[in-house]
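Welcome! Take a look at the structure first, and then read on.

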Amino acid sequence: MKIVMSWLREAVPALPPAKAVADALIRAGFEVEAVEPVGHDLAGVVVGEVVSIEIVRTKKKDVRWVQVRVAEAATRGVICGAFNFAVGDRVAVALPGAVLPGGFTITARRTYGQLSEGMICSASELGIGDDHGGILVLPPDTPVGTDVAELLDLADDVLDIAVTPDRGYGLSVRGIAREAAAAFGLPFDDPAEAASVPVPAGRGDDRERAVPEQTASGQTASGQAGAGQTGAGQTGAGQDAAGYPVVVEDTAACSRYVARVVTGVRPDAVTPLRLARRLALSGMRPISVPVDVTNLIMLGLGQPLHAFDRAKLSGPIVVRRAREGERLVTLDGVKRELDPEDLVIADGSGPVALAGVMGGASTEISADTTEILIEAAHFDPVAVARTARRHQLGSEASRRFERGVDPALAPAAAHAALRLLTELAGATAEAGVTDIDHRPAPRLITFPLAETARLGGRPYPAEIVRRRLAEVGCAVADTITGAGTGDGVGDGTEAIADAVAPAGADGDSVGDGALLVVPPSWRPDLTRPADLVEEVIRLEGYDTIPVTLPRLPAGRGLTRGQRIRRAVGTALAHQGYVEVLTVPFVGDDTPDRLGLTSDDTRAAVVRIANPIAEDAANLRTTLLPGLFAAAIRNIGRGQADLALFETGLVFRATATAATPPTPAVDRRPDDAEIAALNAVLPEQPRLVAVVLTGRREPAGWWGPGQPATWQDAIDAAHTVAAATGVDLTVTADALTPWHPGRCARLSADGQVVGYAGELHPRVIAAYGLPARACAMELDLDTVIEIALARPPVTAPAVSTYPPADRDIALVVEAGVPVARVTEALRRGAGDLLEALTLFDVYEGSQIGEGKRSLAFGLRLRAVDRTLTAQEANAARDVAIAEATRLTGAVLRT
Amino acid sequence: MPPSTQSADPHRSDVPDPSAASAGGDPSSRRTGPEHAGPVRPSADRPEPGSAASNSAVPDRAASERTEPDRPDPRPGSQRPSSQRGDPASVDPGALGPDRLEQVRLQASAAIATAGDLDELAALRTLHLDGRGAPLALARRALGALPPPERAEAGRRHNAATAAIRAAYEARLAELTAERDARVLVEERVDVTLPGTRRPLGARHPLSALSDHLVDVFVAMGYEVAEGPEAEHDWFNFEALNLGPDHPARSSHDTLYVDPVGSGLLLRTHTSPVQIRTLLSRPLPVYVVCPGRTYRNDAVDATHSPVFGQLEGLAVDEGITMADLRGTLEVFAQALFGSGLATRLRPSYFPFTEPSAELDVACFACRGEPARQPCRVCSDEGWIEVGGCGMVDPNVLVACGVDPARYSGFAFGMGLERAAMIRHDVHEIRDFVDGDVRFGLSFGTGN
Ligand SMILES: [Zn+2]
């Protein structure tokens with residue numbers, strides 16, 4: 001919202017400079033994003049009268065040699081290229097030495113054979129609009145020699161304010177002025193009240209008094225509502241025979257509808273420069289008097305208005321939901337299929353406007369329009385928001401309705417529009433007022449005085465609470481029947497009486513420590529004590545809140561699982577892996593590229609309904625594709641030796657239960673309801689994965705380095721397992737996307753927890769990875785679960801006796817996994833075996849085709865004695881025998 | 001074997017052969033067949049190429065010292081059986097005469113003093129001092145042949161000569177050892193500036209490290225860490241947080257929904273659903289921080305990411321006030337940007353807090369001082385917007401079954417990327433998801 005400071009000062013004249021106002025607004029919760037000074041850099045431009053004009057013809061174009069009188073007896077000659085002014089016109093002349101916006105200094109210069117002593121300015125050259133059409137022609141009675149900057153009030157400031165969605169009233173000069181006044185303790189004259197002054201040329205003085213006050217009573221509303229509902233087709237007749245007939249079918253969605261008519265609008269009327277500039281500085285383009293007037297009222301008061309060309313309306317206006325199949329061409333020229341939920345303004349021809357969003361082309365005012373129906377209404381925020389969203393059609397009007405427009409404002413806003421049209425376009429306001437009022441009764445909040453201190457953390461005396469609430473426009477009383485409660489809230493008592501009466505004050509007694517508060521009509525966001533607390537605290541200043549710390553009970557720290565997760569990340573980082581956090585969206589082709597079969601849990605994708613990109617519409621079921629993409633990105637940037645890891649959730653669709661009903665929010669859902677919600681969530685295990693490409697040990701002066709291999713991938717799994725305290729068992733497997741001959745299944749505690757190894761060549765090709773790329777992926781949640789279930793470590797008895805080392809070489813069939821041989825050796829050697837090391841693996845002609853020689857070192861030791869050679873040899877021999885029995889191993893001699 | 005040569009290869013003498021120390025080695029089963037050279041245990045005591053230890057000509061001082069006690073004890077009275085088994089025919093009692101002994105001493109001392117290296121010195125020692133044929137040894141054998149009255153005197157003379165020669169030997173040994181050491185240490189010099197990291201460290205992601213860091217600050221205050229699913233049900237993400245069905249945040253422009261649309265599932269747009277889950281599952285009072293990943297409908301570019309990290313805090317207890325929130329946020333701001341920075345709360349709006357505020361921290365770069373501006377960190381605002389906060393909205397408490405009349409609470413939240421960008425001067429948010437190792441490695445292992 002752009003707020004023009006000069007406009008703001010009309011409501012609060014004593015405001016300090018713009019920067020101070022901006023700071024105060026920020027402190028009050030209005031985020032001023034910029035303070036833009038405008039027109040401050042304009043100097044030396046005066047009003048001149050055109051005395052004579054002489055055409056100067058050149059080969060390229062014609063210009064004019066103009067004599068302008070800029071003082072009583074001073075005339076200057078100026079060359080000018082524009083032709084839109086005549087002798088006798090008043091124009092803005094920049095004399096030599098003048099400075100135009102942007103620091104552009106004017107000098108006298110010789111051109112077209114003349115000494116041109118200055119420049120006749122256009123509006124854009126003065127920085128007051130983007131009209132490059134020609135020279136700015138001022139009203140004929142403008143005094144010659146006047147400083148133009150002063151005349152047009154050009155020095156101004158514009159505040160750009162980001163208004164939070166709860167404060168719709170902030171989208172108006174009226175609303176910001178109230179806040180600024182409160183911030184500086186200045187008196188505030190509500191522009192909406194000024195707007196209610198009778199139209200000078202109007203004929204219906206008696207009618208004007210019927211315009212409800214800001215805090216209009218519910219009784220009045222319901223009285224009019226009755227007329228509106230029963231008088232279908234002749235609405236308004238009950239109140240005013242001349243009012244335009246309006247029927248409001250959906251009174252919940254349209255709680256207020258005011259229609260006024262003006263006639264005799266002069267099509268040639270022009271919006272005065274001051275107002276046009278005000279619009280331009282507010283970010284809106286001046287268009288025509290009727291359009292500019294509706295925009296000025298909206299910006300000033302916050303009430304969006306719509307101007308219908310009355311001559312194009314046929315029959316009564318009906319506010320209703322659209323019907324199936326109805327269409328509307330909106331002002332932007334787009335033909336729109338209406339939804340039965342859309343709230344529309346219709347006439348005999350069908351819909352003529354999307355209520356609160358945008359008017360229709362068929363009743364749009366044009367250059368010929370002389371009769372205008374001004375609509376000032378209150379539409380339901382949700383209805384407007386839904387329609388705007390459905391048609392992807394946001395407008396200044398919809399923005400305000402969505403955030404809440406003051407429902408009491410409609411008559412005053414319509415009134416103000418009429419007055420402006422009367423003034424600016426010679427129009428005549430018809431006396432008839434249509435005002436269909438179904439506003440609900442004002443809310444009454446019982447506000448415990450202690451509540452502000454309870455949340456604010458410091459005392460807030462009752463008189464401060466009262467004053468601050470009054471400043472935001474609340475009516476405040478101590479009791480329902482209470483007398484005046486002091487300055488500024490005297491009239492609040494009436495409002496409270498009004499509010500209480502329809503609610504039926506059935507013994508709703510207020511204790512000593514409470515206030516009765518009726519929020520103002522423009523604050524639909526104030527419904528509960530907490531909302532009022534915020535108003536008091538923010539106006540007092542958040543900086544007046546003390547600084548304390550809560551006294552916490554002793555915490556339990558990180559859970560073991562959380563600590564283990566950190567340890568895993570740290571361990572991998574210390575092993576050379578770089579952590580990445582990739583975007584978890586993958587394409588439909590991912591299961592294929594990974595070679596997954598449809599029954600694989602990793603093929604059970606969760607799909608995004610509104611993906612950012614169609615080729616990445618699924619959530620990852622494995623971390624690998626993201627790691628592959630990161631690896632390829634790195635390789636593309638010249639980093640080929642990679643060890644990456646990622647820890648994160650993956651998403652796997654489960655057989656979905658039926659969508660459970662959404663629990664209410666006015667109570668805690670019961671456990672069954674919570675369980676039902678959780679039951680439909682996808683599985684989201686936390687995994688850890690690594691990908692390896694290129695060299696594991698870099699090349700350097702020490703040598704060519706070491707390529708990363710399947711062993712490194714398995715080693716990464718062991719690193720993770722070691723950080724968790726879990727032992728992994730490695731078994732050969734052939735799961736995609738791994739190389740079927742180089743894939744290790746990793747188990748712990750009898751559960752499969754992941755896989756590691758070299759990637760399948762087909763997968764490597766599908767992703768464009770370098771040959772021999774390796775990967776590991778573990779279900780970290782499960783590993784941690786296993787870790788948490790482990791009993792405390794039992795310390796080994798550390799023997800102080802010397803060990804007996806025995807080395808053996810066994811020849812086995814090449815297909816026998818080492819793990820089986822070691823298991824057999826361990827079993828055979830028994831408790832005496834302290835350590836078992838495989839120190840050589842040999843395949844070759846000397847041991848025969850299809851065989852493998854495995855050389856092991858057995859370290860044997862007893863806890864309580866030095867082993868004899870016989871004992872050590874016996875243990876070794878049993879180990880060999882067991883290996884022979886279980887794996888067919890033969891002792892190599 | 002002379003001690004000096006025995007110690008010439010320290011790797012042979014220092015590290016005992018495993019079989020020698022074992023309880024009865026059994027050579028028959030050691031190693032394997034000769035054709036395949038036999039599997040050789042990789043051992044740490046193999047000489048490293050280029051190291052001085054591979055130069056077998058250079059004895060190790062420690063090793064040679066260790067071998068000193070193995071020398072035959074030359075002191076009289078501790079006669080060894082071998083001397084008694086000596087050949088009496090070669091005994092020459094005259095060898096014990098003062099002149100002869102003096103001559104032996106002079107010769108030996110002169111030779112020792114001019115020994116050129118340790119090997120020569122060792123040979124001279126054998127020749128003059130310890131060897132079976134050394135003049136002193138021969139003279140010693142003559143001792144027994146002397147009549148007892150002369151023995152004592154001759155013994156003293158012999159001892160004196162021995163001690164003198166030994167002293168000469170020790171002196172020369174010290175000289176030569178020092179020379180040798182000086183030479184070897186020079187020879188063993190390496191270029192220590194050679195790059196040596198063959199297994200470089202990896203790195204934690206800066207967002208993980210920052211999250212852990214902030215979590216630690218709160219855990220130290222007594223908070224616990226709560227977590228929840230990223231694919232979340234609408235009720236936890238919106239409904240219970242006082243975001244009604246028509247709240248703009250629910251727009252598909254902002255929120256990523258899980259297919260099919262009516263399923264009620266979405267990717268959480270903030271970590272706040274964890275607050276709801278916490279209030280539903282834990283007994284009061286509740287003090288938790290909730291770090292985690294969240295999602296928005298934004299494509300990746302310099303300033304947007306569909307995925308981003310958040311950290312939220314929640315305190316619900318009796319008597320919690322905005323003053324407690326201010327104090328807690330000061331601790332938080334200091335953890336983030338350093339101590340001594342002012343903070344401010346600006347009134348704001350969030351559906352799930354009332355009153356609500358934005359937290360600003362004074363810019364650590366310019367501290368709002370015009371003299372230090374223009375400031376790239378804060379664009380001369382003087383303040384850095386860190387996150388949103390407020391008192392937990394009563395509607396949220398009610399939806400979680402907490403009595404808002406008895407309990408109050410505060411909540412705050414912040415985006416990790418934004419904080420990390422400011423803290424580490426990161427210019428492109430995509431750096432956090434691209435996974436470029438140059439970016440990642442610069443942050444180290446996170447401590
Ligand atoms: Zn700064």
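The C-alpha centres of the two domains of chain B, domain 1 and domain 2, lie 90 Å apart. Domain 1 covers residues 92–181 and domain 2 covers 206–430. Please keep in mind that this is a predicted model.

- B:Cys363 and B:Cys378 are 15 residues apart, and each sits in the loop between strand 7 (353–362) and strand 8 (383–392) of chain B.
- Both B:Cys363 and B:Cys378 are buried.

**Salt bridges**

- Over all chains, the whole structure has 88 salt bridges.
- In chain A, A:Arg865 pairs with A:Asp864, with the closest N and O atoms 3.0 Å apart.
- A:Arg865 also meets A:Glu871 in a salt bridge, at 2.6 Å from N to O.
- A:Arg865 is partly exposed at 31% relative accessibility, A:Glu871 is partly exposed at 24%, and A:Asp864 is exposed at 53%.
- In chain B, B:Glu318 forms a salt bridge with B:Arg406, the closest N and O atoms being 3.0 Å apart.
- B:Glu318 lies in the loop between strand 5 and helix 13, and B:Arg406 in the loop between helix 14 and strand 9, so this pair ties together parts that are 88 residues apart in sequence.
- A network of salt bridges links several residues of chain A, among them A:Asp166, A:Arg167 and A:Arg538.

How values were computed
Residues numbered from 1 in each chain as written. Chains lettered and ligands numbered in written order. Predicted model: local features only at pLDDT ≥ 70, side-chain atom pairs only at ≥ 80, totals over all residues. Heavy atoms only, no water. Helix = DSSP H or I, 4+ residues; strand = E, 2+ residues; numbered from the N terminus. Buried < 20%, exposed > 50% of the residue type's maximum accessible area, 1.4 Å probe, protein only. Domains from an automatic or database assignment. Salt bridge = Lys/Arg side-chain N within 4 Å of Asp/Glu carboxyl O.
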